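Dear colleague,

I am handing over the structure below, and my notes on it follow directly after. Please read them with the model open beside you.

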Amino acid sequence: LPAFLTQRHGELHVEDLSLDSLARAHGTPLFVYSQAAMLQALGAYQRGLAGRSHLICYAMKANSSLAILQTLVRAGCGLDIVSGGELERALAAGCAPERIIFSGVGKTRAEMRRALDVGIGCFNVESRAELAVLDEVARAVGRRARVSVRVNPDVDAQTHPYISTGLKDNKFGIAHDEVLDTYRQAASCSGLEVVGIDCHIGSQITQAAPYLDALERVLDLVAAIEGLGLGLRLHHIDFGGGLGIDYRGDTPPAADALWAQLLQRLDARGFGDRQILIEPGRSIVGNAGVCLTEVLYLKPGEHKNFLIVDAAMNDLPRPAMYQAYHRIEPLRARADTAPLTWDVVGPVCESGDWLGRDRELAVQAGDRLAVLSAGAYCMSMASNYNTRGRAAEVLVDGARATVIRQRETAADQMRLETPLP
Ligand code: LLP
C-alpha cells in the first residue's frame, strides 16, 4: 500500500481518517486525496533539484481540481497547461503567470492571445506552423512570446518500448532533423523570444535509461542550436514529465535518485548552469488519491462473477481506455465471507465498463472498496456518460477532511442546455 494508506483496527485509513467513515459522510463514488502524499511526492523532486535553478511545472492535466492546484502552487510549483481552460484554472488557483508554461499541439489563436495577455512564462511550441501563428499573434498584440521548441528526441523504441510519445511517428514535438531549421525560423521572428528547449518522451516510465538517452540527445541539440551563429542561448531546458508510479508492483526510480543521475550527466556535458524545468503529473498525484465505491450487487455466474459497484468508466476511465490495472481493496476486512474471484464492473451500459478483472475479494453488497492509484488521470478524465454526475472530491490533511468538489447533480449537467418550447 502507498504510505498514506494504513490498516487500523481492520479499517483502511487515509492519513488519520477512516475511508469508510468518509464514504458514509460524503457518499460514493468519492475521490479522496492525501495532501501529505502529494507534498511528499513533490518533495522528492524538490530534493533532487535543490541548489539548482529550477521550476517544477506540475502537469495539471493529471488532476486539475482547484484545491489540488492551490496545494501544489503554494508548495512552490509552477504549472504546465494544455488549454485555455487550464490557463483559467491555473490563474484561479493563484499561480503566477510567469510560472505557467503552455504545452500542446493545437493551441488556438484565442488561447495564445489570452496567454500573452496574462504574460505566461513560455509557450512550448510543437510545429513550425504553430511557431508562425504565434509570431503573428504576438506581433498583433504588441508582445513578444517566450518560446521553447518541443523536440522529439526519437529515443530508440527497440530498447525502450515503454516510451510512447518520444518516437518519430507520433504527433508530438518537432522531428530531430527539423529542429535546427525550427530554431532558425524562431530566431528570425520579431514576435518571438527563444528561451528554451523541451521534450516529453512518454508517460508511466519506470526506468532511468530513456531519460538519460533523451537528455543526451537534447543536449546535443542545445549545443547545435547555440552553434548556429544566431546568437541563441537557451536559458532553460525542460525535460517534460513521465515518471511512473507503482500501480502493480512497478518500481520506477525515485525522483531524487533519477535527478541525481541526470544532473551528473548535465554537469559532465557542461550544461549545469541552465535552468531546469520539468512537467511531472502522474508521479505527483497518482498515488495520492483513491476512489471509493460501494458494492451494489453480487452477480455470480457460470463463468464469471460480477461485482457491480457504483463507480464506473465515466469516473475512472483508465481501465476501459488502456486496460490499466488499479488495485482494489475493501475498506473493511471481512472474516465472515469466503473470497471469490470477481470482475469489478460499473453501472454504465458498455461491456468495457470495468474497473478490475479477476480480483480475489471477500465482499457483500453494501461493502465499500477503494480503487487505488486514482489521483492522476481519473477525475480529470471523468465524463458525464449515461448522465452520471461526476463524483465528489475530498482532500485530507491529517485528521481534517475538506470537500473540494461537490457531487455533480443532474441539474448541473443540464445547465447549459435549452429545452425546446
Ligand atoms: N508534459 C507533457 C507535454 C505531456 O504531454 C504530459 C502528459 C505530461 C507532461 C505529464 O506526464 P506524466 O508525468 O503525468 O506522465 N491519460 C494517460 C496519460 C496521458 C499523458 C499525457 N501527457 C493515462 O491515464 O495514463
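The domain assignment of the protein chain, whose bounds come from an automatic or database domain assignment, gives domain 1 (5-33 + 286-414) and domain 2 (104-278). This is a predicted model, in which local features need pLDDT of at least 70 and side-chain atom pairs count only at pLDDT 80 or more, while totals for chains, interfaces and linings use all residues. Residues are numbered from 1 along each chain as its sequence is written.

The C-alpha centres of the two domains lie 36 Å apart, and the contact between them (C-beta atoms, placed from the backbone, within 7 Å) takes 6 residues from domain 1 and 4 residues from domain 2. On the side of domain 1 that touches domain 2, the residues divide into 1 nonpolar, 4 polar and 1 charged, where Ala, Val, Leu, Ile, Met, Phe, Trp, Tyr, Cys and Pro count as nonpolar, Asp, Glu, Lys and Arg as charged, and the others, Gly among them, as polar.

Strands pair if DSSP finds at least two bridges between them; β5 is joined to the parallel strand β13 (residues 275-278) by 3 bridges, with L277 in β13 as the bridge partner of L55. Strand β6 (residues 78-81) also pairs with β5 in the parallel sense, over 3 bridges, and there C57 stands opposite G78. From β5 the chain crosses through helix α3 (residues 66-74) to β6 in a right-handed β-α-β crossover, meaning that, with the strands pointing away from the viewer, the path from the first strand over the helix to the second runs clockwise.

Terms used:
Helices (H or I, at least four residues) and strands (E, at least two) are DSSP runs, numbered from the N terminus. Two residues are in contact if their C-beta atoms, placed from the backbone, lie within 7 Å.
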